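Student: Can we go through this one together? I'd like to talk about aromatic residues, then the interface.

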Protein chains: 2
Amino acid sequence: MQQQPNAATRGNEAVAALREALGADIVSLPAEFGGRQFADWSGTPSADPIALIRPRTTEEVATALRICHQFRQPVVTQGGMTGHAGGACVLGGEVALSVERMSGVIDIDPVSATLTVFAGTPLQVVQEAADHAGFMFALDLGARGSCTIGGNIATNAGGNRVIRYGMMRDQVLDVEAVLADGSVIGGERKMIKNNTGYDLRNLLTGSEGTLGVITRAVLRLRAKPRAISTAWCGMPDYAAVTTLLGRAQERLPAGVSAFEVMWPSYCDFVRERLPELRVPLGSDHAYYVLLETCGADPERQSAAFEDFLADMLDDGVIADAAIAQSDADAAAFWAIRDAPAEYPRLIPGRISFDISFAVAQAGDAAQRCDERLRARWPQATILVYGHLGDGNLHVVAQEPGWTDADIDDVKRVVYELTGEMGGSVSAEHGIGEEKLGVLGLSRSPAELAAMKAIKLALDPHNILNPGKVIAM
Amino acid sequence: MQQQPNAATRGNEAVAALREALGADIVSLPAEFGGRQFADWSGTPSADPIALIRPRTTEEVATALRICHQFRQPVVTQGGMTGHAGGACVLGGEVALSVERMSGVIDIDPVSATLTVFAGTPLQVVQEAADHAGFMFALDLGARGSCTIGGNIATNAGGNRVIRYGMMRDQVLDVEAVLADGSVIGGERKMIKNNTGYDLRNLLTGSEGTLGVITRAVLRLRAKPRAISTAWCGMPDYAAVTTLLGRAQERLPAGVSAFEVMWPSYCDFVRERLPELRVPLGSDHAYYVLLETCGADPERQSAAFEDFLADMLDDGVIADAAIAQSDADAAAFWAIRDAPAEYPRLIPGRISFDISFAVAQAGDAAQRCDERLRARWPQATILVYGHLGDGNLHVVAQEPGWTDADIDDVKRVVYELTGEMGGSVSAEHGIGEEKLGVLGLSRSPAELAAMKAIKLALDPHNILNPGKVIAM
């Protein structure tokens with residue numbers, strides 16, 4: 001039986017081979033990249049990698065992975081480092097592969113409504129290129145300036161427009177990726193319909209760097225909205241919230257492009273801590289809904305939107321509503337929903353949850369979650385809000401002085417409730433390293449076994465982002 | 001080394017074990033199911049299975065697969081048998097597993113807009129249940145009365161509304177399936193957002209019975225359209241066709257729900273062979289487009305639709321147009337597009353293709369395909385039409401007296417062209433047994449290797465629908 005070299009020796013050999021094959025410009029050593037940050041936005045601690053690979057081409061990525069495969073050398077792929085689950089952090093012993101040099105729009109095809117792009121391109125660059133070509137790229141999220149398309153695909157990013165346009169996987173027509181053994185799949189297909197065997201594109205999307213390194217993608221462009229109508233609604237109860245959602249989907253000509261629900265504690269927090277944001281309506285409603293529709297026909301849409309809201313007021317579905325009369329009004333409504341950008345300053349040390357339920361259960365889930373947390377930590381700040389049209393709740397909890405054990409307890413309360421109610425422990429942020437331990441609350445042993453079998457089939461030496469997504 | 005029993009002996013043992021575990025009502029033998037048809041709509045010849053399993057529950061499916069796994073006994077799953085690629089045909093030596101007894105709607109959740117259903121339920125039953133609950137189930141295709149939801153998922157069915165609502169995979173929130181070893185995954189989740197590990201749902205969707213037996217699904221319901229506007233447009237050239245598509249997506253308030261393009265040969269064929277269908281406009285246009293939008297606001301939509309078409313006429317994008325003034329008009333337009341239902345009578349022995357390209361290339365692809373076929377078979381009937389909004393072309397070719405060798409040649413011409421132009425050899429019908437040999441024209445060796453690895457990981461003895469989708 002052959003003796004296995006230990007990990008450190010193996011790592012040194014792998015780095016030497018990488019450096020020899022790709023050169024010092026592509027493969028740098030700790031002494032050369034000193035000071036660089038390898039942590040993401042989740043707050044998960046990150047080690048330094050044993051080397052940093054910054055390839056310029058898919059071929060260089062393939063060379064790097066072939067060598068890592070050969071030496072059983074773990075690799076963590078890094079994009080914009082804006083993840084919320086520690087999926088791109090270095091656990092120790094990995095080489096980091098950054099796609100930062102593989103950046104740029106390759107092709108815009110206005111007839112096919114597609115945009116082909118390198119994985120390291122920031123989301124905002126894609127949005128701007130699409131806009132310039134007369135289209136919209138539908139994915140949008142707060143980290144747009146820093147996050148990369150590769151990371152958006154690897155995590156199946158969500159955001160505010162999912163209710164209308166879907167998740168990142170719905171924006172992707174093809175993905176080019178380098179698999180663990182250095183083989184390259186996909187990358188240039190612009191077809192919307194393509195039933196040729198297993199759906200590798202969707203398998204890679206959301207796999208968080210554990211099945212392949214995404215190097216390129218063909219993205220789907222959408223017609224640019226010519227009219228946006230926005231309202232802030234005060235709701236009498238949760239039944240009214242879901243009724244409004246259903247009626248809006250049925251009656252608004254362009255459908256619903258955002259349906260953001262805020263619980264009163266959230267609005268009270270904004271009123272108190274961010275007084276510069278003027279929250280419309282009184283503070284006596286049971287829920288607040290930010291409703292948006294975006295379509296093609298400014299005049300007719302505006303009239304239809306006003307008719308709809310008037311009917312909902314008449315029917316008692318909405319208790320009170322403010323319609324944005326200008327872009328500035330709409331921006332002011334959105335500023336309230338975007339208050340979480342101020343959390344790092346206002347609620348340091350908070351614990352954030354990104355969970356989802358059937359829409360019919362989300363109200364009950366939020367209430368139970370709030371009750372269980374308050375029963376145990378009556379002084380805590382607890383905020384609930386979310387993309388309710390998708391059943392996606394964000395829950396934030398914080399109390400100054402919480403110990404690590406308290407934090408674990410808070411997580412246990414929320415995730416166990418999520419599991420009990422058949423919800424998802426990760427709606428849009430992914431599993432990464434942070435939620436590895438709770439994946440089993442949303443996935444059965446048979447599902448975990450199937451995922452492990454797929455992982456081992458495509459990455460038999462478990463070199464791609466080990467310790468993330470699924471415990472092997 | 002242990003001696004392997006031969007396939008026939010093994011098959012007898014497997015059937016005996018199945019019959020003992022599940023009983024003669026569930027597992028019937030050839031003498032008992034004599035006369036039953038096992039072929040699908042593709043015309044692929046089908047053998048008889050060595051036994052027919054008709055389970056009533058997921059647990060019975062699991063028992064059956066556990067036994068087949070143990071005995072290395074191949075299994076072909078059968079639904080409504082309406083497939084176009086031979087994916088559900090019996091090649092010889094398999095047991096057939098029919099989901100016909102696992103039929104019915106389990107739950108409609110109007111708040112979450114979901115419908116939970118057993119796999120053997122016909123599509124039309126789901127459509128009617130959704131309609132009765134005030135919703136629409138978005139998938140629609142000609143075989144609706146016979147095809148099953150399980151088959152729709154297993155083949156990732158397409159149809160006429162893909163441009164607006166997506167393929168079957170976009171209608172599915174969760175899939176319950178029994179894997180080769182009898183383990184059961186998924187089946188009850190109603191969440192739209194669920195980023196918990198690998199996307200098993202999308203992997204099963206479109207896997208044509210080779211990765212698991214689908215037993216149940218949670219489907220997504222859509223708001224029922226309250227207004228449908230339809231026009232028949234004569235187009236001057238292909239650039240005008242793609243311009244109309246882009247403008248319609250940009251300017252129609254409810255978007256585009258159908259964009260069906262017919263080449264002149266198609267319309268001439270309909271005029272000549274189906275004179276009872278009155279084709280609107282003259283016969284002097286380069287292309288014909290059936291354009292439909294469906295939305296929420298009858299009056300405003302109708303006005304917007306007329307404004308839009310008037311502008312397109314003014315701009316010269318459309319040469320001439322007829323707007324449906326009634327449901328009967330719209331039905332008459334659709335009857336022209338639905339003429340393929342008459343093919344079995346009118347064009348016996350035809351070869352049908354279901355290929356796709358980038359929208360920008362579909363016109364060129366159709367022209368080259370037509371030219372290459374006509375150059376070689378000048379007398380052949382060649383019809384081209386398709387869901388152009390999705391880049392999906394249907395090509396039909398026939399000449400009385402074609403031999404099997406001619407048919408192989410025709411297929412070679414079309415599929416090689418498809419491969420050359422980076423298209424897909426199967427847009428919506430799947431690979432099945434029929435296109436196994438041409439999958440490599442649309443998928444690279446690395447992709448085929450990845451698919452094989454996944455297949456072996458989930459079905460190590462290759463018992464699930466062997467000889468379909470991918471050559472092992």
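Student: Is Y287(B) buried or exposed?
Tutor: Buried, with a relative accessible area of 11%; buried means under 20%, exposed over 50% and partly exposed in between, with a 1.4 Å probe and protein chains only. Keep in mind that this is a predicted model, where local features need pLDDT of at least 70, side-chain atom pairs count only at pLDDT 80 or more, and totals for chains, interfaces and linings use all residues. Residues are numbered from 1 along each chain as its sequence is written, chains are lettered from A, and side-chain values use heavy atoms, leaving out hydrogens and water.

Student: And W263(B), buried or exposed?
Tutor: W263(B) is buried too, at 9% relative accessibility.

Student: What do W263(B) and Y287(B) form?
Tutor: An edge-to-face aromatic pair, 5.3 Å centre to centre with 80° between the planes. Rings of Phe, Tyr and Trp (its six-membered ring) pair if their centres lie within 6.5 Å; planes under 30 degrees apart are stacked, over 60 edge-to-face, the rest tilted.

Student: Where do the two sit in chain B?
Tutor: W263(B) is in the loop between β13 (258-262) and α9 (264-273), and Y287(B) is in strand β14 (residues 287-295), 24 residues apart. Helices (H or I, at least four residues) and strands (E, at least two) are DSSP runs numbered from the N terminus.

Student: How many aromatic pairs over all chains?
Tutor: The count is 20. Among them, F353(A) and Y415(A) are edge-to-face because their ring centres are 5.2 Å apart and their planes at 75°. That pair joins strand β16 to helix α14 of chain A, 62 residues apart.

Student: Which residues make the aromatic cluster with Y266(A)?
Tutor: F269(A), Y343(A) and Y385(A) belong to that cluster with Y266(A).

Student: On to the interface. How many residues of chain B are in contact with chain A?
Tutor: 85 residues of chain B, against 85 of chain A, contact being heavy atoms within 4.5 Å.

Student: What area is buried between them?
Tutor: About 6600 Å², with 57% from carbon and sulfur atoms; buried area is the accessible area (1.4 Å probe) that two parts lose on being put together, summed over both. In chain B, K193(B), N195(B) and Y198(B) lose the most area to chain A, together 16% of what that side buries.

Student: How many salt bridges across the interface?
Tutor: The rule finds 10, a salt bridge being a side-chain nitrogen of Lys or Arg within 4 Å of a carboxyl oxygen of Asp or Glu. R300(A) and D307(B) meet in a salt bridge at 2.6 Å, N to O.
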